[in-house]
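Dear colleague,

I am passing on the structure below, together with some notes on what turned up in it. Please read the notes with the coordinates open beside them.

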Amino acid sequence: MKIKKSAVFLLCGMLAAGSCTFGTQAAFEQTVETAYNTAVQGQDALDGLDVTVKEKTVSSSTNVSANKMVSLKVSGIKGSSLKADIQVDTDEGTTKSYYQNGYYYTTTSEGEQKREMDRTAIWDMVNSEIYMNMTSNYLKMLYSETDGSGAVTYHFAATADTLGDYSKKLLEGSGDGQGIVVDALQGTMETNEQGSILKRSIQMIYTVTQGENEETFMVQTDAEFRQNGQAVTVALPDLSGYREPEPEKPVETITPLQRTVYTTDDVNVRAAGNLSAVILGGLAAGSGVTEMGYTSDGWIQIQYNGATGYIWGDYISTTRPVLTQNTSGTMYATASVNVRSAYSSDSSILGGLSKGQGIEITGKTNNNWIRVKYNGHIGYVYADYLSWSEPVVDTYVQNGYLSGTVTEASFGTLTIQRDDGQGTAVFNTVYAAMSLKDTIYTGDWVEVFYTGAGAPYTASQVNDYTRHTDADEARSVSVEGVVVACTPGTMELSGSDGIYRTFNITDTDIEMSDNLSEGQVVTVTWMSAANGAETRNIEALRIKG
């Protein structure tokens, strides 16, 4: 079976590295190579270009991406009046530049400037931004796929060996002392049935070394060509305000200045002071770094991993910035604390939180303040006064008062149904001062003054103003006698009044110097509605001996 060369290249791309072996430069299928190069180089013959390039660079060390977008329009390619409109958007900001009548217009820290530039130089700049000159001379692999409409998708790949001097062009602007190697490059190019480029996608991997430090970057570049074979007209703004720089003054100078500065946001570190320079790495917001100098157009020269790097000046400060990390949840005040308008004890007070009060949080600063939502405003609370755990409420009461209806009364214990509707309350009344009209009965309304933490509270005074006149109503009765028999739940007593009684003592308060036993003389108290005439199954309240 005969296999086409294009299929061999496809198979090799799908297998692991090293599973296919070719010479230094593979022989492409001639018709595919010719059509591909015609599409790449044919851009020069168009009446203009209208291209958008989106580029993302990801670092192996930080896994943080740097983004770049180039919007480029060029007209007059065939004629003598070449015009270009270039806008570059990056994480550092936006730059706009123009070309017309042999001058390149851009904005620097010195203002709007123009300088002479020939067609070759501006065309090299255009090619560099959109990788237009990626011809087959730089490729290791090339094959194509054609759909039913005649549109063709080219798949290509290059290596460090095949890229040669082209890799130097891709990484132009890298600093001295850095070793930079393009590890691999691959991509696709889509053309219409007329052979005009519609889209190009390139993935590149390169490694930057400095001494023992090494960092790998992956670059994804996607270009969309909107002219589709049609003429492009570039309308430039009024450029009369741009001036040529003074001849004796360079466009960019570096003023030495050594000090420690801090990054106010995540920022890229580049090999040179321009947005096209290769990215050497990045610094997280709040990082301290040694500044070595600054350029006249806004870049800061720094020490980075033992080498020289550049960061954009808008992202540095001479004081360590206060940064806020977003977070969410509910925290609780561990004490009474102020809510302030900013992350400083000198800021104005918006209000306060009481101990145990919960509040919704939205972030934490690196100077130990918690950002909160407070009455529709953003506020700050010092972190030492907030906790993720809801604090245990201190239930101890020094001087409390409750009123209610008695549900149970026995020696040393009083239970009431609270008037405030909060259930029942139990009190230890052993040490309470009693202010009673006669005796406490079930159903009496009482006032209790108390202390303690509950279960039970300790009553300090009990007031009962109910006077009992109904002879049938139960009241406290006591009798002295000799214990005849005793079990854990019952006691039989021969009373001094000549009556033999049996008592249920399951819930009885027993005050004895020794265990309750037969032959002991004791006094028994119970609630009686028959003046103590009961004889069997009497609920004893107290036994004292």
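Y36, Y154 and F156 form one aromatic cluster, where rings of Phe, Tyr and Trp (its six-membered ring) count as a pair if their centres lie within 6.5 Å, with planes under 30 degrees apart called stacked, over 60 edge-to-face and the rest tilted. Before the other findings, please note that this is a predicted model, in which local features need pLDDT of at least 70 and side-chain atom pairs count only at pLDDT 80 or more, while totals for chains, interfaces and linings use all residues. Residues are numbered from 1 along each chain as its sequence is written, and side-chain values use heavy atoms, with hydrogens and water left out.

A search of the whole structure gives 12 aromatic pairs. One of them joins Y105 and Y242 in an edge-to-face arrangement, at 5.4 Å centre to centre and with 90° between the planes. Because Y105 belongs to strand β5 and Y242 to the loop between β11 and β12 (254-263), this pair ties together parts that are 137 residues apart in sequence; strands here (E, at least two residues) and helices (H or I, at least four) are DSSP runs numbered from the N terminus. Both Y105 and Y242 are buried, a word used for under 20% relative accessible area, with exposed meaning over 50% and partly exposed in between (1.4 Å probe, protein chains only).

Y401 and F449 form a tilted pair, at 5.1 Å centre to centre and with 50° between the planes. This pair links distant parts of the chain, since Y401 is in strand β26 (residues 397-410) and F449 in strand β30 (residues 445-452), 48 residues apart. Y401 is partly exposed at 40% relative accessibility, and F449 is partly exposed at 33%. A ring is also involved where K114 lies over the face of Y103, at 4.6 Å from the ring centre; the criterion is that NZ of Lys or CZ of Arg is within 6 Å of the ring centre and within 35 degrees of the ring normal.

Turning to the sheets, an open sheet of 11 strands has the order β6-β5-β4-β3-β2-β1-β11-β10-β9-β8-β7, with antiparallel pairing, two strands being paired if DSSP finds at least two bridges between them. β6 (111-116) and β7 (141-146) stand at the edges with a single partner strand each, so one side of each is left without a neighbour in the sheet. From one strand to the next the twist averages 15°, with axes taken as lines fitted to C-alpha atoms (for helices over the stretch in contact) and angles running from 0 to 180 degrees between N-to-C directions. Within this sheet, β2 (residues 65-75) and β3 (residues 83-90) pair over eight bridges, and S71 stands opposite Q87 in β3.

Helix α2 (residues 30-41) lies across β7, β8 (152-159), β9 (179-191) and β10 (197-210), running at about 90° to β7. Helix α3 (residues 119-130) lies across β1 (48-59), β2, β3, β4 (93-100), β5 (103-108), β10 and β11 (213-225), and runs at about 50° to β1.

Q325 stands opposite K364 in β22, whereas the bridge partner of G363 in β23 is R371. β22 and β23 form a hairpin with three residues between them, and N368 in the turn has a positive phi of about 75°.

Some backbone values deserve a look, given that most residues other than glycine have a negative phi, and most peptide bonds are trans. The peptide bond from A455 to P456 is cis, with omega near -10°, and P456 sits in the loop between β30 and β31 (457-464).

Finally, T255 is found in strand β12 and is partly exposed at 31% relative accessibility. T255 touches M292, G293 and Y294, leaving aside residues up to four places away in sequence, and the C-alpha atoms of T255 and T295, 40 residues apart along the chain, are separated by 6.3 Å.

Note on methods
Contact = heavy atoms within 4.5 Å.
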